[in-house]
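This report concerns a protein and its ligand. It turns to the domains and then to the ligand site.

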Amino acid sequence: MTIAQTARPLTQPREGNRIRVAILGATGYVGAELVRVLSRHPAVTIVALAARNRENLAIGDPYPHLASSELRIEAELPDTAGLDAVFIALPHGQAAGVVPQLIAAGTRVIDMGPDFRLGDPAAYPAWYAFDHPSPELLPGAVEDSPTTAVYGLPELHRDQLRSARLIASPGCYPTATLLALAPLARDGLIGELVVDAKSGVSGAGREAKLESLFGEINESVRAYGLGGHRHLPEMQQELRALGTDAGAVEGMLFVPHLMPMTRGLMATCHVRPTRPVSSDDLAALYRAAYLDEPFVEVAAEAPATKSVTGSNRARVFPSLDARSGRIVAIGVIDNLVKGAAGQAIQSFNLAVGLPETTGLEQLALYP
Ligand SMILES: NC(=O)c1ccc[n+]([C@@H]2O[C@H](COP(=O)([O-])OP(=O)(O)OC[C@H]3O[C@@H](n4cnc5c(N)ncnc54)[C@H](OP(=O)(O)O)[C@@H]3O)[C@@H](O)[C@H]2O)c1
């Protein structure tokens, strides 16, 4: 994926003070979800969509629900001078090549992939099989630098996001897991941790793969990533930053499962607490943690993935299993919204000084 070297007129003129954005990887599931939500964002104009191999394709061709958009796919991003922000929804390793140029041009970047989520450059060859070309942009690399990446989970990094120029939007599993665990982590309650998570098949992207075929996933459930899923270091990084015991972080076990559904993700977190805790303590802890959060709701009972479908909402539910003495904390999200496009827009709103909920409140449950 490249950026045009010569300026060319953008497809749409600037309207008032609207923020002009482009979407890279617009033909993928996350890219299309960005088009869906940003098309109705009151302060944004989408001026360009880009993807590999699909030049001049109307976005409504692969996604008929986006047919009202006149935008066509381009092979490269237009000249960055006309862009205020670029949302990137490319496979891992692809954003790392284009982000430095965008940041140098003063364009705000919101990356949905993992290329700027991890603070430790050595984690990239270990988990993603590439050497990071711009370690100076990774979170925490340079103190107080306006261009180092901020991990885009507003519930954990809201203040940093307010001035972010490079936002590394979290993975879908880390979003549900960290929202389910953050109150326990902040309170030093996590002694031992197992996360058992389930995702709909859109989490694997739109590219054709044998294991994503209907005949393979329908009426079937499968664990994968045994021995180490790529989202593990990201969860460990954030749990560590929240003050979780180092032994609990190192010994954390994460097992994802693929479910026979299109959207939705549930993280069921099994925690051996560091001290005795009551159900009332847990309820009070979660209520206090999420009282003012616009998109996190403490559920009254174990939530289903369907209760957040299509919305930017996360629902969390802590409970105490009295017989084992363990806490079970559950988080559910729509992997394509709070787990990707919606959350990215929530962080973008913060970064550009808009109310955090702009363009996101109207998203339907049960679309
Ligand atoms: N799916 C989720 O639930 C989810 C949640 C959070 C984060 N993410 C992250 O978001 C990113 C996009 O995920 P996705 O599910 O939307 O994937 P996807 O459906 O496979 O879409 C990937 C997009 O990137 C383009 N692309 C693929 N390979 C490319 C390459 N080598 N060079 C340039 N462009 C390429 C594709 O273009 P073509 O149409 O031409 O193939 C498509 O537009 C990934 O980093 C993923 O980890 C996904």
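Into which domains is the protein divided? The division gives domain 1 (2-169 + 340-351) and domain 2 (172-333), with bounds from an automatic or database domain assignment. This is a predicted model, in which local features need pLDDT of at least 70 and side-chain atom pairs count only at pLDDT 80 or more, while totals for chains, interfaces and linings use all residues. Residues are numbered from 1 along each chain as its sequence is written, and side-chain values use heavy atoms, with hydrogens and water left out.

The C-alpha centres of domain 1 and domain 2 are 26 Å apart. In contact (heavy atoms within 4.5 Å) are 21 residues of domain 1 and 26 residues of domain 2. Both domains give residues to the shell around the ligand, so the ligand lies between them.

The ligand is surrounded by 28 residues, each with a heavy atom within 4 Å of it. The closest are Thr27, Arg52, Leu90, Arg206 and Asn335. By class, the shell comprises 13 nonpolar, 10 polar and five charged residues; here Ala, Val, Leu, Ile, Met, Phe, Trp, Tyr, Cys and Pro count as nonpolar, Asp, Glu, Lys and Arg as charged, and the others, Gly among them, as polar.

| Residue | Protein atom | Distance |
|---|---|---|
| Thr27 | side-chain N or O | 2.5 Å |
| Gly28 | polar backbone atom | 3.3 Å |
| Val30 | polar backbone atom | 2.9 Å |

Taken alone, the ligand exposes 900 Å², of which the protein buries 86%, by the Shrake-Rupley method with a 1.4 Å probe.

Key
Polar contact = N/O pair within 3.5 Å; in protein donor to acceptor, adjacent residues only side chain to side chain.
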